[in-house]
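Here's a quick tour for anyone meeting this structure for the first time. Take a look at it, then read on.

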Amino acid sequence: MDGKSGMSLVIKGKVWKFGDDINTDYMAPGFAKSQPWELARKSILHIHPGFTEGFAAGDVIVAGENFGCGSSREAAPANLKRLQVGCVVAESFGRIFLRSSVAIAFPVLICRGVSRAFEEGDELELNYEASLVRNLTRGTELNGTPLPAELVRIVAAGGMMQLLKQEAGAAR
Amino acid sequence: MGMTMAEKVLARAAARQRVSPGDFVTAHVDLVMSNDAQFPGSYKALDDIGLKRVFDPEKIVVVIDHWVPATSPAIAEMHTLMRQQVKELGIRHFYDVGVGIEHNVVPEKGHALPGDLIVGSDSHSTTYGALGAASTGIGLTETAYAMVTGQLWFQVPPTIRFELEGTLARGVTPKDLMLALLGRFGTQVAQYKAVEFAGPAADSMSIEGRLTMSNIGSEMGAKFAFFAADAKTLAYLRPRTDRPVQVFGPDADAGYEAVHRIDCSAIEPQVALPHQPDNVKPVSELGEIWIQQAFVGSCTNARAGDLERVAAILKGRKVAPGTRLLVIPASHEVMVEATRNGSLAVLVEAGAMIATPGCGPCGGGSTGVLGPGENGIASTNRNFKGRMGSAESFVYLASPETVAASAIEGRITDPRKYM
């Protein structure tokens with residue numbers, strides 16, 4: 001993914017699975033706020049045994065309902081992006097997490113049935129533009145909920161601040 | 001068909017005749033609120049693209065409340081920078097260390113009025129729904145965008161309505177009612193939705209009680225958590241603002257996705273057990289749970305009335321040996337009132353520790369966090385694992401009254417025996 005000019009439209013990666021109600025405290029705990037990144041990164045999603053040691057850049061997350069519920073801390077999606085999580089595909093998201101992910105051009109998709117369609121370690125392919133999720137390990141596919149065109153425009157621009165910069169430049 | 005409160009506000013703010021659930025609109029906001037947890041990031045986002053200006057310096061509120069007084073040299077430096085940044089952007093409404101928690105300061109200072117559209121870089125920005133405002137949480141990037149443009153995208157949410165019937169029994173508070181609703185309906189009941197609290201128990205509820213309920217609306221996933229603005233709302237707001245204030249509610253024929261009728265008189269004091277706010281049981285059904293810390297504080301439940309009722313329970317009694325009681329008033333205004341009416345004296349004599357108005361240990365940031373293996377009972381809104389300190393600590397959520405009674409016995413206790 002290229003943070004400046006938007007994002008690639010097809011994302012592939014190995015799946016880490018999470019359940020329901022994974023809140024943003026688990027992605028950016030209060031106790032890790034003042035820690036340097038090398039230490040703080042170890043607390044990201046520490047509630048999943050093995051994630052801290054086993055996660056490799058480009059791996060993806062499949063989750064149940066309400067992923068990213070709770071606090072508005074933008075460090076939650078920002079930390080996942082910085083860790084190089086490829087994308088998050090979930091049954092549903094906490095609304096602020098979803099908004100902030102769009103705002104920082106971190107790819108997330110609502111996809112009903114996704115938590116039953118994947119086992120941990122499966123290969124996932126997300127075609128972001130088409131909202132299409134494939135399980136490459138099992139040869140199955142699912143349709144996610146397409147984002148409104150206005151939001152795709154934000155993500156394609158590389159995030160809200162990039163869009164604002166473009167708009168401000170155009171107005172000058 | 002008429003419109004719900006959410007639809008009315010978003011239609012006005014998007015300059016449309018009417019809107020319906022699912023509509024996607026760009027709306028003008030009436031207020032952008034931020035704090036020391038997110039504002040520095042928003043400022044940096046603006047600095048990075050060379051756009052350091054705001055759409056309207058009157059319509060931005062910044063509060064320092066998460067780490068107060070400064071908890072480390074790095075935090076102190078961040079606060080110093082914030083003071084300069086706020087000045088540089090010309091922001092008029094800046095509340096420094098000690099004024100209070102954002103969600104208490106914004107209503108107190110008259111920044112949230114009925115029918116306003118408000119965004120805040122904190123998930124509990126739903127609080128101002130208690131005054132009839134459409135108010136919701138966003139992240140720091142969207143906050144930066146809204147500070148410059150005064151606009152943001154919204155998808156019009158469907159609304160669910162809770163008809164609160166009957167009367168809360170003695171010793172049962174709006175916090176207990178909200179925990180009972182979370183226990184029954186779960187944390188996803190209002191995901192992507194607006195909530196309207198209505199009915200006789202909502203009408204008779206104090207403004208403080210409404211603020212508590214709208215605050216925890218966030219734990220239901222609610223985008224907005226409304227009460228209709230009535231005579232009580234106007235009486236609260238008129239001394240606090242020069243802007244015109246009017247009653248505001250949904251149309252009588254508004255369309256709801258669901259209407260839930262709740263018999264409030266059947267509810268007893270509730271406790272949310274670790275580590276989810278919807279893991280709720282009546283206090284009478286809990287076994288013996290010993291606690292090391294009791295905390296009355298946070299944007300949920302640390303207002304003047306809360307402290308008065310806590311003082312009534314603790315009057316002439318002592319905090320149990322081996323138990324710490326920490327009380328953090330929600331704002332300076334609350335602290336002044338609690339000093340004048342004698343609540344603070346009672347609390348101090350009972351053995352409570354009192355700290356500077358602010359978020360305290362609620363988010364794990366400041367004064368009074370929990371250590372490994374400790375149990376804490378708190379009048380706060382979240383009990384996620386690790387939220388209030390160590391990832392190996394345990395947080396129980398309850399009303400301020402239940403927290404006070406538990407401090408007396410050193411274990412979770414039904415407050416009604418001390419009333």
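Predicted model: local features only at pLDDT ≥ 70, side-chain atom pairs only at ≥ 80, totals over all residues.

## A well-covered helix: H5(B)

H5(B) is mostly covered, and 9 of its 10 residues count as buried. Running along the helix, the buried ones are Leu140(B), Thr141(B), Glu142(B), Thr143(B), Ala144(B), Tyr145(B), Ala146(B), Met147(B) and Val148(B).

What comes right after the helix? Just past the end of H5(B) sits Gly150(B), with a positive phi of about 70 degrees.

## How H5(B) packs against H2(B)

Two packed helices are described by the angle between their axes and by how far apart those axes are. For H2(B) and H5(B), the angle is about 60 degrees and the axes are 8 Å apart. Angles from 65 to 115 degrees would count as roughly perpendicular and those under 35 as roughly parallel, so this pair, H2(B) and H5(B), is oblique. The crossing of H2(B) and H5(B) is right-handed.

Which residues do the touching? On the H2(B) side they are Gly41(B), Ser42(B), Ala45(B) and Leu46(B), and they meet Leu140(B), Thr141(B), Thr143(B), Ala144(B), Met147(B) and Val148(B) of H5(B). Sorted by class, this contact between H2(B) and H5(B) has 6 nonpolar and 4 polar residues, with no charged ones.

## Where chain B touches chain A

Now for the contact between the chains. How many residues does each chain bring? Chain B supplies 39 residues and chain A supplies 32. On the chain B side, the elements that give two or more residues are helix H2 (39–48) and helix H5 (140–149). H5(B) gives the most to that side, with 6 residues.

## Another covered helix: H13(B)

Further along chain B is helix H13, residues 400–409, which is also mostly covered, with 9 of its 10 residues buried. The buried set is made up of Pro400(B), Glu401(B), Thr402(B), Val403(B), Ala404(B), Ala405(B), Ser406(B), Ala407(B) and Ile408(B).

What lies over these buried residues of H13(B)? The cover includes one helix, H10 (304–314), along with the strands S12 (270–272), S14 (293–296), S15 (324–327) and S17 (375–378), each from chain B. And just after H13(B) comes Gly410(B), which takes a positive phi of about 75 degrees.

Key:
Residues numbered from 1 in each chain as written. Chains lettered and ligands numbered in written order. Contact = placed C-beta atoms within 7 Å. Helix = DSSP H or I, 4+ residues; strand = E, 2+ residues; numbered from the N terminus. Axes fitted to C-alpha atoms, helices over the stretch in contact; angles between N-to-C directions. Parallel < 35°, antiparallel > 145°, perpendicular 65-115°, else oblique. Left-handed = near helix turned anticlockwise from the far one by under 90°. Nonpolar A, V, L, I, M, F, W, Y, C, P; charged D, E, K, R; others polar. Buried ≥ 20, exposed ≤ 12 C-beta atoms within 10 Å, placed from the backbone.
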